[in-house]
Every structure is written in structure tokens, then in C-alpha cells.
Amino acid sequence: MNLDDYRIADEPFYRPVADEIALFEAAYGDRLPVMLKGPTGCGKTRFVEHMAWRLGRPLITVACHEDMTASDLAGRFLLSPEGTVWHDGPLTTAVRHGAICYLDEIVEARQDTTVVIHPLTDARRVLPLDKHNEVIQAHSDFALTISYNPGYQSAVKDLKESTKQRFVAIEFSYPERDVEAAIVAREAGVESGLADVLVAIGARSRNLRGQGLDEGASTRMLIHAGRLVRAGMPIETATRSAIVLPITDDADMREALSGAVAACI
Ligand code: ADP
């Protein structure tokens with residue numbers, strides 16, 4: 001099997017925030033499973049893309065969702081003109097051929113998926129495929145990375161302790177102001193003055209967390225606002241569309257947020 005489609009040819013822009021690059025390299029060197037922990041839109045996916053490029057490994061990303069089962073990851077028999085044929089799932093492809101497998105928001109998937117990854121995350125490094133009557137020893141280049149957003153979790157939907165404890169965690173949060181402004185300027189293609197204003201708006205929105213907002217504006221939202229301005233929208237419209245409206249449906253909260261935005265513009 002050729003994993004060329006999963007190789008990342010050009011360096012994905014990633015601005016380090018702390019020692020996350022060295023940490024990931026050390027973990028990958030020992031093939032330790034890694035958990036990227038932090039709120040949405042703060043660079044976890046971009047980071048893993050950058051690391052796959054840096055390490056020269058193919059990257060297989062799976063966006064987990066609530067209907068996802070263990071078979072979606074591992075594989076299944078499908079009907080074909082020749083009869084029933086086994087098809088490896090994305091996790092199995094990574095395990096067999098030596099890719100980094102990134103399970104984005106694994107907590108969203110059904111419980112049985114976590115059982116599948118357990119034997120891969122300890123010294124055994126095996127993937128049992130019961131339906132295919134096969135136990136795969138992971139390729140020496142295979143590594144597992146998951147993302148986890150602690151803010152979303154409820155008691156009913158959380159990773160089990162026994163799963164969490166298998167991972168080395170790297171914490172992600174919103175970067176320092178000047179670093180975030182550099183990211184916004186680069187990713188949105190706007191000048192630094194505007195990026196500074198957007199980052200100030202982001203900081204204010206994050207202060208409203210816990211007062212009716214579950215999460216403040218993510219770096220991704222600030223970039224979207226910057227792109228709307230670059231496309232010719234006035235900053236008031238851009239920030240309303242990219243930040244205020246998507247983040248809350250509550251009228252009072254919108255007003256509070258709009259006030260915070262107005263204070264920065
Ligand atoms: P997550 O996976 O945490 O939800 P993403 O990795 O998709 O978030 O980040 C959203 C966007 O924010 C990215 O597409 C990228 O443009 C930008 N971004 C966030 N942090 C960084 C960073 N440290 N370096 C470069 N870009 C970043």
C-alpha cells in the first residue's frame with residue numbers, strides 16, 4: 001500500500017507556543033501515544049500536520065463523530081462482485097503501513113472505539129481485528145495521537161481514566177497576545193495593527209467565559225474575522241459575523257460581546 005496521498009509535501013505553518021515541538025518529537029521517538037489537550041480552534045490540528053511533515057511521516061486524520069464505531073476505525077467486510085472483501089479502516093491502514101494516526105475528538109465516538117485503541121497504546125502495540133481473525137503488530141513508524149477538549153466533556157461523555165492514562169498529554173491554550181497576533185496576521189493575510197485589534201477582542205471574549213459563554217473566541221474565529229476584513233467587509237460587520245453570532249445565541253450575551261468588541265475597535 002502506498003501512503004503517498006497521506007504525505008504532507010509543504011511545511012504547514014505552525015508557530016510554536018511553548019516546548020510542544022520538542023515534546024512531540026521525544027514522544028514520537030519512543031512511539032508514546034500523545035493526547036493534544038485544549039479548546040477548539042487553538043492549533044491542535046495544525047500542530048499535528050506540522051509534526052507529521054517535520055518527522056516525514058504520512059498522517060491519517062479521522063474526525064470522530066457520535067455514530068462512529070470501532071469498525072469505522074478498524075475495517076469491515078464489504079460486498080463486491082468477487083464476494084465479501086475485507087477493507088482496512090483508517091486506523092488499520094496507519095498501523096499496518098506506519099503512519100501517524102490522528103483521532104480528532106475521540107471522545108465523540110462510541111465507547112467501543114476506545115477499546116480498540118487500548119492494545120495499541122501499551123507495550124504490546126497490537127491491533128486485534130476480531131472480525132478478520134487477525135492480530136496486527138504495529139509498524140515501527142506507527143504512532144497514535146488524539147485530541148481532547150476538556151471544556152466539552154460531561155460526566156456521561158468523557159474518556160475513561162484507563163484510556164486517559166495511556167497518553168502523554170501536551171497542553172494547548174490560546175497563545176500570548178503577540179504570538180497570537182503574528183498567527184492571525186499571517187493566516188488571515190492582514191496587517192499587524194488589525195491583528196492586534198482582533199487579538200484584543202479575543203482576549204476580552206475569553207474573559208466572558210463562565211459568565212454565559214462556554215468558550216471565548218478561538219484563534220480560528222479571529223482569523224475568519226481578519227479574512228472578512230481583507231475581503232472588504234468593515235471590521236464591525238466582520239467581527240459580528242465571525243465572532244459574535246457564531247459563539248452565542250443568547251441576546252444578552254451577544255450584547256455583552258458586542259460591547260467588548262466595540263471597546264477594542
Ligand atoms: P484545533 O485543531 O485546535 O481545533 P486548528 O489547528 O484547526 O485548531 O487551528 C485553527 C486555525 O488556527 C488553524 O487553521 C491555523 O490557521 C490557526 N492556528 C492556531 N494556532 C496556530 C499556531 N500556533 N500556528 C499557526 N497557526 C495556528
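This is a predicted model: local features need pLDDT of at least 70, side-chain atom pairs count only at pLDDT 80 or more; totals for chains, interfaces and linings use all residues.
I began with two helices, and I noted that the axes of α7 and α9 come within 9 Å of each other and cross at roughly 45°. On the α7 side the contact is made by E180, I183, V184, E187 and A188, and on the α9 side by T219, L222, I223, G226, R227 and R230. When I sorted the residues of the contact of α7 with α9, I had 5 nonpolar, 2 polar and 4 charged.

**Entry: the whole protein**

I then stepped back to the overall picture, in which the protein has 11 helices and 9 strands. Its C-alpha trace spans about 65 × 40 × 40 Å along the principal axes. I looked up burial as well, and of the 265 residues in the protein, 35% are buried. For contacts between residues at least 6 apart in sequence, I found that 69% join residues at least 24 apart.

**Entry: α9 and its other partner**

I returned to α9 and asked which residues it uses to meet α10. The crossing in which α9 passes α10 is right-handed. The residues in contact are M221, H224, A225, L228 and V229 of α9, together with I235, A238, T239, S241, A242, I243 and P246 of α10. I counted 9 nonpolar and 3 polar residues in the contact of α9 with α10, and no charged ones.

**Entry: α10 and α11**

I followed the chain onward to helix α11, residues 251-264, which packs with α10 at an angle of about 150°, the two axes being 9 Å apart. The crossing of α10 and α11 is right-handed. Here T239, V244 and I247 in α10 meet R254, L257, S258 and V261 in α11, and the residues of this contact divide into 4 nonpolar, 2 polar and 1 charged. I noticed that T239 is listed in the contact with α9 and is listed again in the contact with α11.

**Entry: around the ligand**

How many residues surround the ligand? I found 16, and the closest are G43, K44, T45, R46 and R220. The helices α2 (44-55), α7 (177-188) and α9 (219-230) each supply at least two residues of this shell. By kind, I sorted the residues of the shell into 6 nonpolar, 5 polar and 5 charged.

**Entry: Y174**

Is Y174 buried or exposed? I first placed Y174 in the loop between β9 (168-171) and α7. Y174 has 23 C-beta neighbours inside 10 Å, and because 20 or more are enough, Y174 counts as buried. Leaving aside neighbours within four places in sequence, Y174 is in contact with C42, E180, G202, R206 and T219; of these, E180 belongs to the α7 side of the contact with α9, and T219 to the α9 side. I also looked up K164, which is 10 residues from Y174 in sequence and 22 Å from it in space, C-alpha to C-alpha.

**Entry: P119**

P119 is found in the loop between α5 (111-117) and β6 (126-129). With 15 C-beta neighbours inside 10 Å, P119 counts as partly exposed. Apart from neighbours within four places in sequence, P119 is in contact with R124, V126, L127 and P128. I noted too that the C-alpha atoms of P119 and T237 are separated by 50 Å, the two residues being 118 apart along the chain.

**Entry: two positive phi values**

E105 has a positive phi near 55° and has its place in the loop between β5 (100-104) and α5; with 17 C-beta neighbours inside 10 Å, E105 counts as partly exposed. N133, which is not a glycine either, has a positive phi of about 55° and lies in the loop between β6 and β7 (134-137). N133 has 8 C-beta neighbours inside 10 Å and therefore counts as exposed.

Key:
Residues are numbered from 1 along each chain as its sequence is written. A residue is near a molecule or strand if its C-beta atom, placed from the backbone, lies within 6 Å of it. Helices (H or I, at least four residues) and strands (E, at least two) are DSSP runs, numbered from the N terminus. Ala, Val, Leu, Ile, Met, Phe, Trp, Tyr, Cys and Pro count as nonpolar, Asp, Glu, Lys and Arg as charged, and the others, Gly among them, as polar. A crossing is left-handed if the near helix is turned anticlockwise from the far one by less than a right angle, and right-handed if clockwise. Two residues are in contact if their C-beta atoms, placed from the backbone, lie within 7 Å. A residue is buried if 20 or more other C-beta atoms lie within 10 Å of its own, exposed if 12 or fewer, and partly exposed in between; C-beta atoms are placed from the backbone. Axes are lines fitted to C-alpha atoms, for helices over the stretch in contact, and angles run from 0 to 180 degrees between N-to-C directions.
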